[in-house]
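Work through the exercises below with the sequence and the model at hand. Each task is followed by its solution.

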Amino acid sequence: MKPYTVYAVEGKPGGRWKRALLWGTVALLLILVAGAGGSYLWFRSQVAASNERVDPAVISVLSSKPTSTLVAVAAEDPEEPAPEPDDPDVMNILVLGSDRRADDDGEKFGRSDTIILVRIDPHKDYLGILSLPRDLRVAVPGYGREKINAAFALGGPALTIQTVEDLTGVDINHYVEVDFQAFKDITDALGGVYVDVDRRYYNDDPQWELIKLAPGYQLLHGADALDYVRFRHDLNADFGRMLRQQRFLSAMREQAMGWDLTFKLPRLISALFHNISTDLQANDFISLAYWGVRLSGDRIRQVSLEAATDTIDGISYVIASERELANAVAAFLSVPGSDTDEEPSTTTASSVSATSSTSGVDAAPDLEGVEVEVLNGNGRGGEAAKARAWLDELGAEVPSVGNAGSGIRQTTVVLYPREKKDAAAAVARALGTTKTEASDSVGRVTVVLGLDFAIPTSFSPPAAIDTIPNASEWKALATMIDFPLQAPAHIPEGYAYYDRMPPEGATYDIEVGGGTKPALRMIYRLTKDGGKTDQYMGITATTWLDAPAASPGQEVEVDGVTFTIVGSSQKVDHIWWKADGVLYWVSNTLSYLLDKQEMLAVATSMMPVPRP
């Protein structure tokens, strides 16, 4: 592999929907086309048309590389079905999303802003996917340092193949170029794809891509789906777009076998092959589909090259070091195995502490007979109830809790009548604060909680609806919906409630067949990174028990409830379970920042919200 440093490519302002082309439509066909049966010759004609559009320069570039063994060609008898497919041989396929419209700034080849390597290894039962950011700065043969998507504009797919091979050291032996229209057409041909949208996407500034997409699980049709996978004007930039493309592909694969293929397959094939160019032959697609249908989801590894961005000569680039590039390629080529995959944790709600450690003394004081009032001055819901539970545990009497109502306090303070100084000091030690103040305005020891409040991790407050994070929001929801509701007693450290869908009212509608199913989505944003990224965890509840989100995975039973973990040990997508006629799931962040244990801790902490 040549010692290239990888750099990033910019995207100039200008919301051009053409740029967000999704290669996932190709992968979908790999799953679906095995059902073509007696229409094999028609299918071959569709593939042949896409073969004719391949630039001869591409064939020349690919011919110098190893090629896979094709399945034998079927007989010409139109009544004879396609042959029983064998597994394909190992393939490295470059998939490009492009727009070849001639009016695109005078560029002969248009643009390619989706660049993905796909590795098919049926011998090891493995599918690898590597997304390269379009703003990656690389050495383009014959042109010097450029954005990686400039290779397509300068020399078409042939030059892009050469550039990616030199960059990664991977021998590319097949090529697929997908036009953006294929993505829209095939999504609509399927009747839409159900996607778990992590947050609200909105932009009405015509300088950038226009988008108006609500959060939550929903059926995306062509135009909205294209908006979703192309969006990149947030703190995640182009890296987020690559991850959304991979998420959309996973959703397509997850749902493919549920579609009515008998009626939809011909339209799907026409929509796809009308908009792609490829050297893959008809039997290649059938073999890939036959193998892909049987491939377990945990044998798929999705990798995105992510690195820092920088500006060179006024142009923004992604700057990846040799090590970052080497690590991404190594991950792409590595086969998932039992030696690296951990078994799911059986963490239970009782083993999870929803609070932080305190700076208090090692031995908690005895507060027997001390009367304490607790006021919440930090704005975090349920904090006063937690403090009451802790003080109760130490023997104190807490007749009431409430809100301080005087703005947000930074430091917890214990106010006391002058004759209660010793009792106040003991309460302060119990709460891990050193700030006490004598006050003539209080009749008993009174705690005003600040942002520094945290009770010991050794203490887990009794599970109660009043002590869960954002208790008031969850209790309000329970008064509006007409199905049983569960809420989390634990939220991962560094996450805070951010939004919900619907923003007002009880539930929103998921389009299901000719009707709808009610659902709600609670959204928690990662805050511990100082707002440097847009990463969100979600909790969904719906009465649609057969939603595609309830897909197969690793099952863990905790307290009689079966939790299903969907994804691999490296990247857990979501965890779902059913209770009282409701399907729930916890969704990971876009970048899979939460590990299996953290997500299980949330899922297993869920508790019923009493209805009034």
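**Exercise 1.** Which residue in S12 is the bridge partner of Ile-129?

Solution. The model is predicted, so local features need pLDDT of at least 70 and side-chain atom pairs count only at pLDDT 80 or more, while totals for chains, interfaces and linings use all residues. Residues are numbered from 1 along each chain as its sequence is written, and side-chain values use heavy atoms, without hydrogens and water.

Start with the strands, which are DSSP runs of E with at least two residues, numbered from the N terminus. Strand S3 (residues 126-132) and S12 run parallel and are joined by five bridges; pairing requires at least two bridges found by DSSP. Within S12, Gln-302 is the partner of Ile-129.

**Exercise 2.** Determine how enclosed strand S12 is.

Solution. Buried means under 20% relative accessible area (1.4 Å probe, protein chains only). Five of the five residues of S12 (residues 300-304) are buried, so the strand is largely enclosed by the rest of the structure. Ile-300, Gln-302 and Ser-304 point one way, and Arg-301 and Val-303 the other way.

**Exercise 3.** Classify the ring pair Tyr-217 and Trp-544.

Solution. Rings of Phe, Tyr and Trp (its six-membered ring) pair if their centres lie within 6.5 Å; planes under 30 degrees apart count as stacked, over 60 as edge-to-face and the rest as tilted. The rule gives twelve aromatic pairs. For Tyr-217 and Trp-544 the centres are 6.5 Å apart and the planes at 50°, so this pair is tilted. Both Tyr-217 and Trp-544 are buried.

How values were computed. Buried means under 20% relative accessible area, exposed over 50%, partly exposed in between (1.4 Å probe, protein chains only). Helices (H or I, at least four residues) and strands (E, at least two) are DSSP runs, numbered from the N terminus.
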